[in-house]
Amino acid sequence: MMVKMHWVITSDLSKITLDEFDNEWNGAVYGFFELCINNRKEGIWPNKTEMDALIEIGMADMEDILYWFVHLKEGINAVKKNKEYEMQLLTMNRYSLKMKLKHELYLKFINIETGENNWDERVELEEFENELYVNIEKFLNYIKRTNSRLLKSKWIEELLL
């Protein structure tokens, strides 16, 4: 079993004020994000050439990376309390990711219009959790280096809880 998260931030966060980030940007941190579960991949992770081309044509804000981290963390907290969790996917707005714990973490990629299950995979909860927390830590370090004022954001504080 395998869990990997790839991401890169393309938003310029260096000069934004905390107020602008919280109230105008609504905490969005854009870039590219991909969640890999075993052989399944969701999100957008272009190669270097594709990434440069997407940035050049103004399509560098494909995914809200903070949204992914906040909701995946909420999902882990919910399943640890034996609750099912469903995360709406923003760039694929007709889809959601469902999480449930039954000895292992079950993840389902669902078409919310038809209810059709596109795929489901199982992974060890600990492996998923470790990968998530390593990436949240990298994300927070990036924010700290780029614009530490944003660590006080109501949106980013959710990752610190």
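Begin by selecting Asn147, which touches Leu13, Ser14, Lys15 and Ile16 when residues up to four places away in sequence are not counted, contact here meaning heavy atoms within 4.5 Å. The model is a predicted one, in which local features need pLDDT of at least 70 and side-chain atom pairs count only at pLDDT 80 or more, while totals for chains, interfaces and linings use all residues. Residues are numbered from 1 along each chain as its sequence is written, and side-chain values use heavy atoms, with hydrogens and water left out.

Stay with Asn147, which belongs to helix 4 (residues 125-147); helices (H or I, at least four residues) and strands (E, at least two) are DSSP runs, numbered from the N terminus. Asn147 is buried at a relative accessible area of 4%, where buried means under 20%, exposed over 50% and partly exposed in between (1.4 Å probe, protein chains only). Its side chain reaches the backbone oxygen of Ile16 at 2.8 Å.

Next, select Phe69, Leu72, Phe128 and Phe139, the residues with the most contacts inside the largest nonpolar core, which has 42 residues. Such a core is a set of buried Ala, Val, Leu, Ile, Met, Phe, Trp, Tyr and Cys residues joined through side-chain atoms within 4.5 Å. Among the elements that give two or more residues to this core are strand 1 (3-9), strand 2 (30-37), helix 3 (65-79) and helix 4, and the largest share, 10 residues, comes from helix 3.

Now display the aromatic rings, of which 8 pairs are counted; rings of Phe, Tyr and Trp (its six-membered ring) pair if their centres lie within 6.5 Å, with planes under 30 degrees apart counted as stacked, over 60 as edge-to-face and the rest as tilted. Phe33 and Trp68 are stacked, at 4.6 Å centre to centre and 20 degrees between the planes. Because Phe33 lies in strand 2 and Trp68 in helix 3, the pair ties together parts that are 35 residues apart in sequence, and both residues are buried.

Moving on, select Phe109 and Trp119, another stacked pair, at 5.8 Å centre to centre and 15 degrees between the planes; it links Phe109 in strand 7 with Trp119 in strand 8, 10 residues apart, and both are buried.

Technical notes:
A polar contact is a pair of N or O atoms within 3.5 Å; within protein, one must be able to donate a hydrogen and the other to accept it, and residues adjacent in sequence count only if both atoms are side-chain atoms.
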